[in-house]
Amino acid sequence: MRKKIVAGNWKMNKNYTEGMSLFSEVLNMVKDEVMGNQQVVVCAPFVHLHSLTALGKGHSQVSVGAQNVHQEESGAYTGEISASMLKSLDVEYVILGHSERRQYFGETNELLAKKTDITLKHGLKPIFCIGETLTERESGQYFNIVKSQLVEGTFHLSAAEFSKLVIAYEPVWAIGTGVTASSDQAQEIHAFIRKEIAIKYSQAVADDTTILYGGSCNPKNADELFSQPDIDGGLIGGASLKSRDFVDIAKVFNS
Ligand code: PGA
C-alpha cells in the first residue's frame with residue numbers, strides 16, 4: 001500500500017534557534033499524538049539540516065528533507081549544495097521543482113530531470129512538484145501543463161527509479177494565497193496523474209505512488225482533501241511553520 005505523507009516546506013523561514021525549537025515541538029507532538037503509519041517530513045533550509053537530522057535520530061516517523069539540490073555531482077558552483085552532501089547528513093527527501101524554484105530561479109523541466117537523476121543516484125527521495133498557474137487553469141490547459149511537467153521531469157526514469165518518487169500536485173494559484181483547490185478539483189488532477197503513471201509504467205506502479213496535494217492546506221481543510229481516494233497527504237507551506245497546525249494536519253491520518 002502506498003505511503004501517506006505529510007511534508008512541511010518551511011521555505012526561507014525560521015532562523016536557527018527558531019527552527020530548532022519548531023522541530024523539537026513537532027518531534028514531541030508527533031511522538032505523543034500521531035498514531036498510524038503516516039510519515040511526517042520536515043523540509044527545512046539547508047543550514048538547519050545537520051542539526052535537524054541529529055535531533056530527529058531515533059524518531060522514525062519524522063524525516064528531514066531539503067528544498068532543493070544542485071544537478072551536478074560537485075565542482076565550481078559557488079553557493080550550491082550537492083546530493084552527496086545532503087546524503088552525508090542523513091537527509092532523506094528533497095523537494096524538486098517547487099513552483100517558486102520554477103518561477104524565481106528559472107528551473108525548467110529539463111533541469112529538473114537532471115536534479116531528479118542525481119537525487120535518486122544518491123539514495124535520496126525526490127518530492128517532485130507539478131502544478132499549473134491561474135492563467136493555465138483558466139485557459140483549460142491545466143491537464144497538458146501538469147502532464148508535460150510530469151513527463152519531461154520524470155518519465156525518463158525506469159519503473160524501479162520512478163517508484164522512489166513522491167509526486168506533489170500544487171496548483172500555483174493555491175500556494176500561499178489562502179485559496180485551496182476544492183477537494184473535487186484536486187481529486188480530478190490526482191486521478192489524472194495516477195492514470196498517466198499507469199499508462200507509462202503500470203497500474204501497480206501507479207497504485208504505489210504517493211501523490212501529495214499542496215496549496216493553502218490547513219487543519220480545517222486537510223480532512224476533506226485527504227479523504228479523496230487519490231490524495232495521499234500534503235505538502236504544507238504556511239501551516240508547517242506552526243507545530244500545532246502541522247501536527248494536526250498529520251493527525252488526519254491517525255488510525
Ligand atoms: P502553502 O504552500 O501551504 O503556504 O500554500 C504550499 C507549498 O508551497 O508547498
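How many helices and strands does the secondary structure of the protein chain come to? I counted 12 helices and eight strands, taking helices (H or I, at least four residues) and strands (E, at least two) as DSSP runs numbered from the N terminus.

Before going further I noted that this is a predicted model, in which local features need pLDDT of at least 70 and side-chain atom pairs count only at pLDDT 80 or more, while totals for chains, interfaces and linings use all residues. Residues are numbered from 1 along each chain as its sequence is written, and side-chain values use heavy atoms, with hydrogens and water left out.

Overall form. Of the 255 residues, 53% count as buried, where buried means under 20% relative accessible area, exposed over 50% and partly exposed in between, with a 1.4 Å probe and protein chains only.

Strand E2. I then turned to strand E2 (residues 39-43), where five of its five residues are buried. Gln-39, Val-41 and Cys-43 point one way from E2, whereas Val-40 and Val-42 point the other way. Strand E1 (residues 5-9) pairs with E2 in the parallel sense over five bridges, pairing being assigned if DSSP finds at least two bridges between two strands, and Gly-8 stands opposite Val-42. From E1 the chain crosses through helix H1 (residues 16-33) to E2 in a right-handed β-α-β crossover, that is, with the strands pointing away from the viewer, the path from the first strand over the helix to the second runs clockwise. Four bridges join E2 to the parallel strand E3 (residues 62-66), where Ser-63 is the bridge partner of Val-41. The crossover from E2 through helix H2 (residues 46-56) to E3 is right-handed.

Aromatic rings. I found seven aromatic pairs, with rings of Phe, Tyr and Trp (its six-membered ring) pairing if their centres lie within 6.5 Å, and planes under 30 degrees apart counting as stacked, over 60 as edge-to-face and the rest as tilted. Tyr-142 and Phe-143 are stacked, because their ring centres lie 4.7 Å apart and their planes stand at 25°. Tyr-142 is buried at 12% relative accessibility, whereas Phe-143 is partly exposed at 25%. Phe-226 and Phe-253 also form a stacked pair, 5.1 Å centre to centre with 0° between the planes, and both residues are buried.
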